[in-house]
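Hello,

Here is the structure I said I would pass on. Please open it first, then read the notes below it.

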Amino acid sequence: MHAGRDFVKVEATRDFEWIIERTGCILTANARAIQAVDDRGVVRGMVAYDCWTPNSVWCHMAVEAPIVWRSLLPTVFTYPLQDAGRGVLLACNSARNEKAVNLTRRLGFSETHRVRDGWALGEDLIFWEMRKENCRFLARSAA
């Protein structure tokens, strides 16, 4: 991976297969994504954005190895929160997926809701938000 240079914005639906296979997300025709690819063009990580509102967007994230985050960050946040002009990035995951829960928390998302049995019977669904003003990955202008 070459941090910072391996990004391709994906818009064609066929390019979403990688993230769909790994997350089980169902994307609409309005979905967009960023991806990290290796030197051979193989996708190693992707973040898909969907269900756009005037001020928010949902994200679905997957990487093949933690090192891939070096290439994806901070674009994961600059694309929706600066380039696309949204104020809130939303996410959800299963409470049993400890790796996803820990990563989401480390990235700076705040847990907003838990739905008991929302993922599956006996498995809670956690909803998260990242507010633009709280995102440490965005460049701050000098005031």
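**What was found**

D117 is partly exposed, with a relative accessible area of 34%. On this scale, buried means under 20% relative accessible area, exposed means over 50%, and partly exposed is in between (1.4 Å probe, protein chains only).

Before the rest, some ground rules. This is a predicted model, in which local features need pLDDT of at least 70 and side-chain atom pairs count only at pLDDT 80 or more, while totals for chains, interfaces and linings use all residues. Residues are numbered from 1 along each chain as its sequence is written, and side-chain values use heavy atoms, with hydrogens and water left out.

**Strands and backbone**

D117 sits in strand β6, and its phi is near 65°, a positive value in a residue other than glycine. Strands (E, at least two residues) and helices (H or I, at least four) are DSSP runs, numbered from the N terminus. Strand β6 (residues 110–120) runs antiparallel to strand β7 (residues 123–131), and six bridges join them; two strands pair if DSSP finds at least two bridges between them. Within this pair, H113 stands opposite F127 of β7. The hairpin has two residues between the strands, and there G122 takes a positive phi near 85°.

C51, which is not a glycine, also has a positive phi, near 55°. C51 lies in the loop between β3 (43–50) and β4 (56–63) and is partly exposed at 42% relative accessible area. For a cis peptide bond, look at L73 and P74, where omega is about 0°. P74 belongs to the loop between α2 (69–72) and α3 (75–83).

**Salt bridges**

Side chains of opposite charge can pair when their charged atoms come close. A salt bridge here is a side-chain nitrogen of Lys or Arg within 4 Å of a carboxyl oxygen of Asp or Glu, and that rule gives a count of 10.

Which residues form a network of salt bridges? They are E21, R22, D38, R40, R44 and E64. D38 counts as buried, at 11% relative accessibility.

R96 and E123 form another salt bridge, at 3.9 Å from N to O. This pair links distant parts of the chain, 27 residues apart: R96 is in the loop between β5 (88–94) and α4 (98–107), and E123 is in strand β7. R96 is exposed, with a relative accessible area of 57%, whereas E123 counts as buried at 14%.

R131 pairs with E129, the closest N and O atoms being 3.6 Å apart. R131 is partly exposed at 31% relative accessibility, and E129 is partly exposed at 22%.

**The largest pocket**

Rolling a probe the size of a water molecule over the atoms shows where empty space is left. A pocket is an open set of points on a 1 Å grid over the protein atoms alone, where a 1.4 Å probe fits, with protein on both sides within 12 Å along at least five of seven lines; lining residues have an atom within 4 Å of a point. The largest pocket has a volume of about 830 Å³, volume being the space filled by probe spheres set on the points, which are joined across faces, edges and corners.

Its lining has 25 residues, and M61, A62, N97, A100 and L103 lie nearest the centre. At least two lining residues come from each of α1 (17–23), β4, β5 and α4.

Regards
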